[in-house]
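Please keep the sequence and the model in view while reading.

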Amino acid sequence: MPEKFYITTPIYYPSGNPHIGHCYTTVACDSIARFKRMQGCDVMFLTGTDEHGLKIEQKAAEKGVTPKEFVDEVVEKFKSLWKYMNISYDRYIRTTDDYHVEAVQRIFKALYDKGYIYKGEYSGKYCTPCESFWTDSQLDENGCCPECHRPVAFAREEAYFFKMSPFADRIEKLLTETDYLRPKTRAAELVNNFIKPGLEDLCVSRTTFKWGVPVSFDEGHVVYVWIDALSNYITALGYENDAHDDFAKYWPADVHMVAKDIMRFHAIIWPAILMALDLPLPKHLAVHGWITFNGEKMSKSLGNVVDPFVLGERYGCDAIRYHILREMALGADSSFSNEIMINRINSDLANGFGNLVSRTVAMADKYFGGTLPTERETADIDDDFRAVVLGAFANVEQAMNETKIKQALEEIFKAVDRANKYIDETEPWKLGKDETKKPRLAAVLYNLLDGIRIVSALLSPFMPETMPKVWEQIGASETDVEYAKLSEFGVLPADVTVHKGEILFPRIDVEKEIEELNSIIQKNMESAKANLSAEEKGEVIELAPEITIDDFAKVEIRVAKVTACEKVKKSKKLLCLQLDDGMGGRQVVSGIAQYYAPEDLIGRKVQLIANLKPCKLCGVDSFGMICAADTSDGGCKVIFVDDSIPVGAKIR
Ligand code: MSP
């Protein structure tokens with residue numbers, strides 16, 4: 001029976017488009033899953049989307065669609081990115097899948113029946129716009145909401161709580177005395193910040209929004225999104241549902257991989273839930289840092305600055321996979337820079353590995369017409385070369401067992417460098433000129449081809465698209481690159497035939513590319529900024545002094561229809577509009593000529609401030625004003641009125 005191996009990514013929030021930050025965990029897990037499959041394991045690789053919660057509900061409302069319609073669209077974008085990046089997941093879970101929803105309800109009920117979940121009351125300082133409770137110590141320096149900095153008020157809400165304290169000792173041991181957390185250096189921060197001060201019970205239901213898994217036995221409550229989300233790792237295997245049937249086979253997970261911002265949920269809350277359910281704990285939690293851009297975590301507000309599709313189109317998806325995996329060490333952040341990426345692709349892939357393959361194949365072609373003769377002459381230096389390649393194999397295996405991907409790639413490239421050095425040392429171009437040295441030349445080229453076989457097979461989990469092309473070029477069959485054959489030389493047929501092929505990784509013109517990428521990034525950032533609300537940009541809106549309802553009643557706002565419109569001569573900014581206002585008509589001058597052509601407005605209904613004191617603008621009389629809103633790019637948009645509302649209707 002093959003050994004089983006279960007690996008998971010976090011399930012992603014489909015609240016915006018995926019970016020290269022999301023790609024890291026997914027590509028890393030994909031590489032590990034592929035490596036384990038190559039080793040002969042029975043792999044289950046799970047990813048998916050975490051689709052409930054207030055944020056999604058709000059985003060959907062902003063777009064005027066249902067939450068399900070909203071997530072359906074974004075989930076497709078995630079799936080198409082994973083397809084593009086060659087992600088070989090075995091299962092994709094959506095937390096809106098019926099089987100998951102029902103299983104979460106059963107899990108919640110089981111925890112309740114066991115007495116770990118109880119009904120209580122949440123009280124504290126509540127921020128209405130953010131729909132969040134805060135403790136006094138979490139409030140900002142003015143005693144306001146730490147997120148939006150608006151005033152908070154004391155409030156109470158009925159809620160369910162999960163008892164955490166019974167599990168504190170076991171969790172502390174798990175983090176400090178076992179190999180669960182990787183890197184283990186992070187254990188102290190968790191223990192000191194969360195366990196030592198006393199694990200607080202966790203509020204696990206909400207009544208302030210609807211878009212979640214309903215608590216089956218108490219209408220109006222939805223399950224806290226993290227209980228819903230974390231459960232995915234077991235519901236996807238069939239725990240408490242009939243949709244799947246692999247729980248007994250794959251659980252416990254061998255590796256959960258997450259970034260540092262969600263480590264706490266996986267290091268403390270998830271083990272506590274599993275302990276309460278009497279289930280075995282996952283074997284490892286691998287925590288990586290963030291891909292940052294100019295020191296900030298890559299995110300939507302940066303405009304998904306580095307679009308994986310854009311990069312993939314330019315350099316190929318394998319080069320992108322390689323770059324992000326090669327830069328990120330477990331536990332630490334890695335700063336994304338186009339310059340580092342391009343230099344890395346040029347040095348490691350174009351000059352290092354690509355050049356090794358193309359030189360070797362070209363020489364076999366040139367000196368032997370593509371097929372190596374079997375007469376060979378060996379030399380001591382061959383042993384050293386072979387030992388380095390086989391040593392790399394052993395080190396890669398070790399690093400991958402410890403989920404140290406960057407280290408595994410470093411080991412492989414030590415072998416690539418050694419192979420290039422072997423070419424310099426043996427000088428095959430000199431051997432090729434002398435007929436008597438052909439047996440030596442054949443030995444050198446065979447060693448190189450067989451070394452490339454091992455190295456390319458080791459690289460295949462990381463760059464799955466390119467390596468089959470290498471095998472084609474070096475004349476390796478599918479069985480030649482099986483894992484069991486990577487710990488030995490002499491696997492390629494003695495009379496192997498090479499096939500010259502395309503350049504694997506073309507060299508990139510650094511300056512030209514950086515200029516082009518910078519301009520793409522600039523555009524992305526500008527358009528992302530323009531699409532953010534003032535709140536998302538972190539701007540504080542200063543309200544004008546309060547007015548009473550009577551003050552407001554003094555303003556007469558009416559629906560009017562634009563019947564004619566023209567530019568005001570001598571002004572670049574003004575348009576002169578003729579309006580049907582239901583009161584005999586009137587003329588209004590408006591400063592919107594930079595944003596609208598007259599024909600854009602004719603026939604549209606607008607909001608008219610009808611009792612504004614008349615004035616003259618550029619010598620033209622204006623009797624009122626039409627309403628428009630500022631846009632985030634410094635422009636403005638007229639607030640049009642639905643055509644079904646009659647001219648003259650009062651707006652209140
Ligand atoms: N839905 C939760 C996870 C629930 S798992 C039971 C979530 N989703 S997320 O989409 O916001 O983030 C998913 C993962 O992507 C997290 O591990 C997050 O840290 C990671 N990343 C998001 N941006 C990232 C970078 N810029 N760099 C590296 N990882 C990043 O959290």
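Are Tyr 239 and Phe 247 buried or exposed? Both of these residues, Tyr 239 and Phe 247, are buried. The model is predicted, and local features are taken only where pLDDT is at least 70.

**Aromatic pairs**

- The structure holds 27 aromatic pairs, and in one of them the rings of Tyr 122 and Phe 161 have their centres 5.8 Å apart with their planes at 5°, which is under the 30 degrees required, so this pair counts as stacked.
- Because Tyr 122 belongs to strand E4 (residues 117–127) and Phe 161 to strand E6 (residues 153–162), the pair ties together parts that are 39 residues apart in sequence.
- Tyr 122 is partly exposed, with a relative accessible area of 25%, whereas Phe 161 is buried, with a relative accessible area of 10%.
- The rings of Tyr 239 and Phe 247 have centres 5.1 Å apart and planes at 50°, so this pair is tilted.
- Tyr 239 and Phe 247 also belong to a cluster linked by ring pairs, which includes Tyr 6, Tyr 233, Tyr 250, Trp 251 and Trp 270.

**Charges over rings**

- The charged end of Lys 79 sits over the ring of Tyr 92, at 4.7 Å from the ring centre.
- The charged end of Arg 604 sits over the ring of Phe 640, at 3.7 Å from the ring centre.

**Helix H14**

- Helix H14 (residues 380–401) has 22 residues, which at 1.5 Å a residue should span 32 Å, and the 33 Å between its end C-alpha atoms agrees with that expectation.
- Its buried residues are Asp 382, Phe 385, Val 389, Ala 392, Phe 393, Val 396, Ala 399 and Met 400, and seen down the axis of H14 they fall within an arc of 140°, so they line one face of the helix.
- An α-helix has 3.6 residues a turn, so residues three or four places apart point the same way.
- The cover over the buried residues of H14 includes helix H1 (20–38), helix H15 (405–426) and helix H17 (438–459).
- H14 is followed by Thr 403, whose phi is positive, near 50°.

**Arg 186**

- Arg 186 lies in the loop between strand E7 (181–182) and helix H6 (187–195), and this residue is buried, with a relative accessible area of 14%.
- Leaving aside neighbours within four places in sequence, Arg 186 is in contact with Leu 181, Lys 260, Met 263, Val 287 and Gly 331.

Technical notes:
Residues numbered from 1 in each chain as written. Predicted model: local features only at pLDDT ≥ 70, side-chain atom pairs only at ≥ 80, totals over all residues. Heavy atoms only, no water. Phe/Tyr/Trp six-rings, centres within 6.5 Å; stacked < 30°, edge-to-face > 60°. Helix = DSSP H or I, 4+ residues; strand = E, 2+ residues; numbered from the N terminus. Buried < 20%, exposed > 50% of the residue type's maximum accessible area, 1.4 Å probe, protein only. Lys NZ or Arg CZ within 6 Å of the ring centre and 35° of its normal. Expected span 1.5 Å × (residues − 1). Arc of directions from axis to C-beta. Contact = heavy atoms within 4.5 Å.
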